[in-house]
Amino acid sequence: MRTKLVVSLAAATMSAFLVVGCSDGSTDSPMDGHSMDGRSMDVSSSAPSSTDGASASAEFNDADVMFAQLMYPHHAQAVEMAAMAEGRTDNPEVLALASAIEAAQQPEMDQLTAWLTEWGQPAPSAGMGGMDHSPGGGMMTQQEMGGLMAASGPEFDRQWLTMMIAHHRGAIEMANTEISDGSNPDAQQMARTIVETQQQEIDTMQRLLG
């Protein structure tokens, strides 16, 4: 009897240890699971940020499309006017301005085209300059462009500076509309650059006009 009692007590003690061991194991398991959940939450929290970044770069609205479609022909005309300076003036400051305008605006035209393609919109063309621009858009008429081509020397400088100031003011107006109404961050950044650089060029041109 005494032997059976000892054996029973030993068995009971072993069972208790086994239960405690299992209980400890199950406690560790949820903790490990919690740790895994924590890492999983970190991954899931970083995933939306990358998705949001991708969607932000592709985000656009009607104002962005209008900005790209109208700024392209606007830039195209400015580049055309800049090219006219060669051979029509010897004024080094006018020539430097013309070179700077062409160097800045041609790459922007390429970027505007790329955005419209990405957004599934019609590719722009210089011919879109005939579209309805807002008052003060600064686009020159064919008659004005013809008169500029026929001028040379100081008269060319005067016409070119006067027309380019008006043209730049139109671009700044369009850029400010994009800044306030657009949603694409890259297009809005280009608009801010246009406002800053073209206002500086306006100040220079006004100084040259006297």
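How many helices and strands does the chain have? I looked this up to get started: the chain has six helices and zero strands. Helices here are DSSP runs of H or I with at least four residues, strands are runs of E with at least two, and both are numbered from the N terminus. Read from the N terminus on, the elements go α-α-α-α-α-α.

**Entry: ground rules**

I am working with a predicted model, where local features need pLDDT of at least 70 and side-chain atom pairs count only at pLDDT 80 or more, while totals for chains, interfaces and linings use all residues. Residues are numbered from 1 along each chain as its sequence is written, and side-chain values use heavy atoms, with hydrogens and water left out.

**Entry: the chain overall**

I checked burial and found that 33% of the 210 residues count as buried. Buried means under 20% relative accessible area, exposed means over 50%, and partly exposed lies in between (1.4 Å probe, protein chains only). I then turned to contacts, meaning heavy atoms within 4.5 Å. Among contacts between residues at least 6 apart in sequence, 82% join residues at least 24 apart.

Two packed helices are described by the angle between their axes and the distance between the axes. The axes are lines fitted to C-alpha atoms, for helices over the stretch in contact, and angles run from 0 to 180 degrees between N-to-C directions.

I looked up helix 2 (residues 62–84) and helix 3 (residues 92–118), and their axes are 9 Å apart at an angle of about 150°. Helix 2 and helix 3 are therefore roughly antiparallel. For this term, angles under 35 degrees count as roughly parallel, over 145 as roughly antiparallel, 65 to 115 as roughly perpendicular and the rest as oblique. Helix 2 passes helix 3 in a left-handed crossing; left-handed means that the near helix is turned anticlockwise from the far one by less than a right angle, and right-handed that it is turned clockwise.

I noted some of the residues that make this contact: helix 2 brings, among them, Val65, Phe67, Met71, Tyr72 and Val79, and helix 3 brings residues including Ile101, Met109, Leu112 and Leu116. By class, the contact of helix 2 with helix 3 holds 14 nonpolar, five polar and two charged residues. Ala, Val, Leu, Ile, Met, Phe, Trp, Tyr, Cys and Pro count as nonpolar, Asp, Glu, Lys and Arg as charged, and the others, Gly among them, as polar.

**Entry: the aromatic rings**

How many aromatic pairs are there? I get two aromatic pairs, using this rule: rings of Phe, Tyr and Trp (its six-membered ring) pair if their centres lie within 6.5 Å, and planes under 30 degrees apart count as stacked, over 60 as edge-to-face and the rest as tilted.

Phe60 and Trp119 are stacked, at 5.0 Å centre to centre and 15° between the planes. Phe60 lies in the loop between helix 1 (2–58) and helix 2, and Trp119 in the loop between helix 3 and helix 4 (142–150), so the pair ties together parts that are 59 residues apart in sequence. Phe60 is partly exposed at 33% relative accessible area, whereas Trp119 counts as buried at 6%. Trp115 and Trp119 have ring centres 6.2 Å apart and planes at 10°, so this pair is stacked. Trp115 is buried, as is Trp119. I can draw one aromatic cluster through Phe60, Trp115 and Trp119.

**Entry: helix 5 and its partners**

I moved on to helix 5 (residues 153–181), which packs with helix 6 at an angle of about 155°, their axes 8 Å apart. That makes the two roughly antiparallel. The crossing of helix 5 and helix 6 is left-handed. Their contact divides into 16 nonpolar, seven polar and five charged residues.

Helix 3 and helix 5 have axes that come within 11 Å and cross at roughly 35°. Helix 3 also passes helix 5 in a left-handed crossing. Here Val94, Leu97, Ala98, Ile101 and Gln105 in helix 3 meet Asp157, Trp160, Leu161, Met164 and His168 in helix 5. I count seven nonpolar, two polar and one charged residues by class.

**Entry: two residues up close**

Is His168 buried or exposed? His168, found in helix 5, is buried with a relative accessible area of 0%. Leaving aside neighbours within four places in sequence, I list Ile101, Gln105, Gln198, Glu201, Ile202 and Met205 as its contacts.

Gln189 sits in helix 6 (residues 185–209) and is partly exposed at 41% relative accessible area.
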